[in-house]
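Dear colleague,

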Amino acid sequence: MALVDVLVPDIGDFKDVAVIEVLVKPGDTVQAEQSLITVESDKASMEIPSSHAGVVKELLTKIGDKVSEGSLVMRVETGAAAAAAPAPAPAAPAVAQQPAPSAAPTPAAAAPAPAAGGGRIEVKVPDIGDFKDVAVIEVFVKPGDQVKVEQSLITVESDKASMEIPSSHAGTVKEVLVKLGDKVNEGSLLVILEGAGGAAAPAPAPAAAAPAAAAPAPSSATVVAPDLAPAGTRTSPTAALPAHEPTAPKGNLPHASPSIRLQARALGVPLEEVKGSGPKGRITQDDLQNFVKAVMAGTAQTKAAAAKAPAAAAGGAFPGLLPWPQVDFAKFGPVERKDLSRIKKISGANLHRNWVVIPHVTNHDDADITELEAFRVQLNKENEKSGVKVTMLAFLIKATVAALKKFPEFNASLDGDQVVLKQYFHIGFAADTPNGLVVPVIKDADKKGVLQISQEMSELAKKARDGKLGPADMTGGCFSISSLGGIGGRYFTPIINAPEVAILGVCKSTMEPKWDGKQFVPRLTLPLSLSWDHRAVDGAAAARFNAYLCQILADFRRVLL
Ligand code: CAO
């Protein structure tokens, strides 16, 4: 048993770097090379590992401390079994962890050469020490961008450190030859620049001067970014970063250490959705854990999950719900299992989302269609030979168009904080098919007569039953009608066909006694059920919409008004 001081090793040019994470606490058992703290400069972050295995006795650094080589990180009690860690191999990828004098760099072999004039310049990954096959996690530039000397081009990340790779030359980006996820090594081609005429990049350090043989041809220079290996510490690529333009995380790159990123990737956590509580919004271990816990508890949801199940997103997840009952039905009697049809699966998911997301209200009303039905029967008689049969649904489509014109908020869709008011009138109608429910759409119903609508409807209904509807037949709808009139029933609560904001349900008409002021008279009454999205319209508008629709159906001449 011995108390061992764990010090910050040689971390190259990293001096007075801030501790941004402390990954262990007193009492923790640590392994040799286990990361203890994360430090961060303005360009790179790295994890400092323990040189010994043992139990943390005393923590001598805290978040915000500035450390340099030799700073005391913690005291570790090494046990009999916890022998001093072997000195890590110089080639270890966690290059900043354990300095090894023997790993001192050779002079920068791939030293930058000055760009000659305004020619084509290939910028390659410089000598990045023992970093091999490191992933590109951010690309800062795109074709057309002007870059300055030492401006960061990409960020690469190993399992222990991330660093930005700067440009050795100024110029205009002609081509970017890496993308996120690519693995790069020393010499990998990053970008092609059109050199800023005559503005040769300054050689980063006299020691790094390019050998004469490497001097580029004036019109097509091949150069690399400055050697990132610090003088004397090739093992610390991050430490070699010259002071260059951008500061830490830009764009959407989450501010997190490599190990946090690694864990996030392993867990499938979208780090950009995790709120960082560390300095400068840095995502800490606790932030990551809390995010995962919240998702597991159902009190938070990733955007991807929300996109797949917008129902839950809009309404929040449903913590505390009992799991779906698991019943062995065969215990109670014979059963047969069938797969849901493709249509049922798709329409089911859509209906579920719409039912959960949309605050539905349904207003019921009765329309007197006595005269209209007489007209319909007469019309069908007249058109007997043409083969076109007009049902009440065609009149309902026409009447609905008139109501939509009068109440445009029903011919709308919600889009974020805006409502999209449509100036076209495409009306969907629910069609029952052997495979499930589909909603073909009659386009430009305002420009068509009842006969044409009837004909199109019967063609679309046939296509639906035959499973031959194409996407174009079912898209673009403004408002839907679901008619159960051929079947029966009184009223029902149709589910809105998002992103529409209302749907009209229609049931079977029946002859009913109506009081005309003096006596009861038989009137053919059509039950209507209008479901509407309370985010888009209000109850008074819905009642007016229904009343107007009833007026039109009672006297169809009003459609002309
Ligand atoms: N009241 C009384 N009779 C009605 C009626 C109404 N509201 N609507 C239709 N009818 C009559 C028709 O006149 C026709 O009578 P005849 O056979 O004497 O000519 C009969 O009912 C059958 O009509 P239909 O259903 O074939 O024609 P349609 O134009 O009314 O409807 C279609 C076409 C495709 C919409 C319909 O067949 C259908 O699939 N409806 C089901 C929609 C559905 O499932 N909605 C529920 C969605 S929520 O799960």
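Which residues form one aromatic cluster? The cluster consists of Phe-407, Phe-410, Phe-479, Phe-545 and Tyr-548.

This is a predicted model, in which local features need pLDDT of at least 70 and side-chain atom pairs count only at pLDDT 80 or more, while totals for chains, interfaces and linings use all residues. Residues are numbered from 1 along each chain as its sequence is written, and side-chain values use heavy atoms, with hydrogens and water left out.

Eight aromatic pairs were found in a search of the whole structure (rings of Phe, Tyr and Trp, the last by its six-membered ring, pair if their centres lie within 6.5 Å; planes under 30 degrees apart count as stacked, over 60 as edge-to-face and the rest as tilted). One of the pairs is Phe-407 with Phe-545, which is tilted because the planes stand at 55°, with the ring centres 6.1 Å apart. Phe-407 lies in the loop between α7 (392-406) and β19 (412-415) and Phe-545 in helix α10 (residues 539-554), so this pair ties together parts that are 138 residues apart in sequence (helices, H or I of at least four residues, and strands, E of at least two, are DSSP runs numbered from the N terminus).

Phe-407 has 10% relative accessibility and counts as buried, as does Phe-545 at 0% (buried means under 20% relative accessible area, exposed over 50%, partly exposed in between, with a 1.4 Å probe and protein chains only). Phe-545 also forms a tilted pair with Phe-410, at 4.4 Å centre to centre and 35° between the planes.

Yours sincerely
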